[in-house]
Amino acid sequence: MMLSVKIEKKLHDFELHTSFTARNGITGIIGPSGCGKSLTLQCIAGLVTPDKGKIMIEEKVFYDSNSKTNIKTRHRNIGYVFQHYALFPHLNVEQNIAFGLKGMDKQDIKDKVSQMLEKVLLKGYEKRYPYELSGGQQQRVALARTLITEPDLLLLDEPFSALDYHVKDLLEQELLHIIKENFTGVVLLVTHNMEEAYRLCDDLLLLHEGQVVQFGQKNAVFRRPENVAAAKIIGCKNILKIDSLKEWDNGIECLVQNTRIWLNPQSLKGRLVTHIGIHDEDIRFVNEENEPNTFPFEVIHTVTGLKQSSVTIRVGSILLHTAVSNNDISRILAKKLNVYLPPEKLFFLVG
Ligand SMILES: Nc1ncnc2c1ncn2[C@@H]1O[C@H](COP(=O)(O)OP(=O)(O)OP(=O)(O)O)[C@@H](O)[C@H]1O
């Protein structure tokens, strides 16, 4: 299945311009609050009508402004799971799950619900009411109610955000497993948590102020953000403005606040690069000195975490954020090392 979306929507002072083609698997939609994540899903579901564009899954057109097509939500065959599970409080678990199967043969409904209860690990809970379930169990009922209708497309809008922090990881994995085992189509997962997106998704769509700033396979997006907005969304802590740049055969030399930083030779393909970036965990501390990209440094401050610490250092007048394992922290604070920015880990960004 392929979901292709190319839409525009203006709401007061906000403009959404989204364009992407999602394949089977989980595509994470990520970006800061108010960037248009939920609005994108609402347009796909038919809850909001775009001003212009086209939305189709395979050959089935949901919306097309040219041919004036706008299929009603209930005919789009979409599964939509929200942050608040929206279960019917007066219906028990099996009635909630069977809700979308109205009109089918009674015995078929019973069999389908029974199979689904097994898949979402809720056998024995069929007579319970939503208020008698934990947040994670309610969420699994919501998912079961959606999956049982065999949707062509699954939309998940921050489905984990109402869960307790300490059970979140486990439930997230459990839910992911249920989805992967029982649904082979396109899943769009809205989140504003990059860690979650990285753990769960195959592809990432980064949105900023209603625009797609990058879309691609998650590792490619995370390792190689293309622009400053994308780098910020994925949580890159070091984004440095380039003052000047010179291309040589053996690499590209950038001047950043009077410090010379080398990047591997690469084609800039006419991109107007303005910044370079590096992830905090890619910055290393080494014994070598006077080598390219090795610099003496001064520690500005340290925030000690459970297993690793964030150490802010100064190289010349550049501030760098580094992530250091707690075992290494004393070595670094002893100031006998140099900091090293591996050229292969640095990336160019368009401003
Ligand atoms: N019905 C509406 N009328 C006017 N503006 C709206 C409406 N719905 C959403 N917006 C605006 O559209 C923008 C995008 O909203 P959306 O809900 O898609 O953001 P989001 O990325 O999902 O944010 P969050 O992470 O906070 O949920 C926001 O600026 C919001 O104020």
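Start with the largest cavity, which holds about 40 Å³ of space in this predicted model. To bring it up, select Ile26, Leu156, Phe160, Glu172, Leu175, Leu176, Ile179, Leu189 and Leu200, the residues that line it. Now color helix H5, residues 165–182: this helix gives the largest share of that lining, with four residues. Color by class next, and you'll find eight nonpolar residues, one charged residue and no polar ones around the largest cavity. With a threshold of 30 Å³ or more, the count of cavities comes to one.

Next stop: the ligand. Show what surrounds it by selecting Leu11, His12, Phe14, Pro32, Ser33, Gly34, Cys35, Gly36, Lys37, Ser38, Leu39 and Glu158. That shell splits into five nonpolar, five polar and two charged residues. Which helix gives the largest share of the shell? Highlight helix H1, residues 37–45, which supplies three residues.

Stay here and zoom in on a few distances. From the side chain of serine 33, an N or O atom sits 2.6 Å from an oxygen atom of the ligand. Move to cysteine 35, where a backbone N or O atom is 3.1 Å from a ligand oxygen. At glycine 36, a polar backbone atom lies 3.0 Å from an oxygen atom of the ligand. On its own the ligand has 640 Å² of accessible area, and the protein covers 59% of that.

Now head for the largest pocket, with a volume of about 390 Å³. It is lined by 17 residues, and the ones to click are Glu195, Gly235, Lys237, Asp280 and Glu281, the closest to its centre. Helix H6 (194–200) and strand S20 each put at least two residues into this lining. By class, the lining of the largest pocket has seven nonpolar, six polar and four charged residues.

Strands S19 (residues 298–304) and S20 (residues 308–315) run antiparallel and are joined by six bridges. A hairpin of three residues links S19 to S20. Click histidine 301 and look across: which residue in S20 stands opposite? That is threonine 312.

Last stop: the second largest pocket, with about 320 Å³ of space. Among its 14 lining residues, Phe99, Gly100, Arg145, Thr146 and Thr149 lie nearest its centre. S7 gives the most, with four residues. Nine nonpolar, four polar and one charged residues make up the lining of the second largest pocket.

Key:
Residues are numbered from 1 along each chain as its sequence is written. This is a predicted model: local features need pLDDT of at least 70, side-chain atom pairs count only at pLDDT 80 or more; totals for chains, interfaces and linings use all residues. Side-chain values use heavy atoms; hydrogens and water are left out. On a 1 Å grid over the protein atoms alone, a cavity is a set of points where a 1.4 Å probe fits but cannot get out, and a pocket is an open set with protein on both sides within 12 Å along at least five of seven lines; lining residues have an atom within 4 Å of a point. Grid points are joined across faces, edges and corners, and a volume is the space filled by probe spheres set on the points. Ala, Val, Leu, Ile, Met, Phe, Trp, Tyr, Cys and Pro count as nonpolar, Asp, Glu, Lys and Arg as charged, and the others, Gly among them, as polar. A residue is near a molecule or strand if one of its heavy atoms lies within 4 Å of it. A polar contact is a pair of N or O atoms within 3.5 Å; within protein, one must be able to donate a hydrogen and the other to accept it, and residues adjacent in sequence count only if both atoms are side-chain atoms. Accessible areas come from the Shrake-Rupley method with a 1.4 Å probe; for residues, only the protein chains shown count as cover. Two strands pair if DSSP finds at least two bridges between them.
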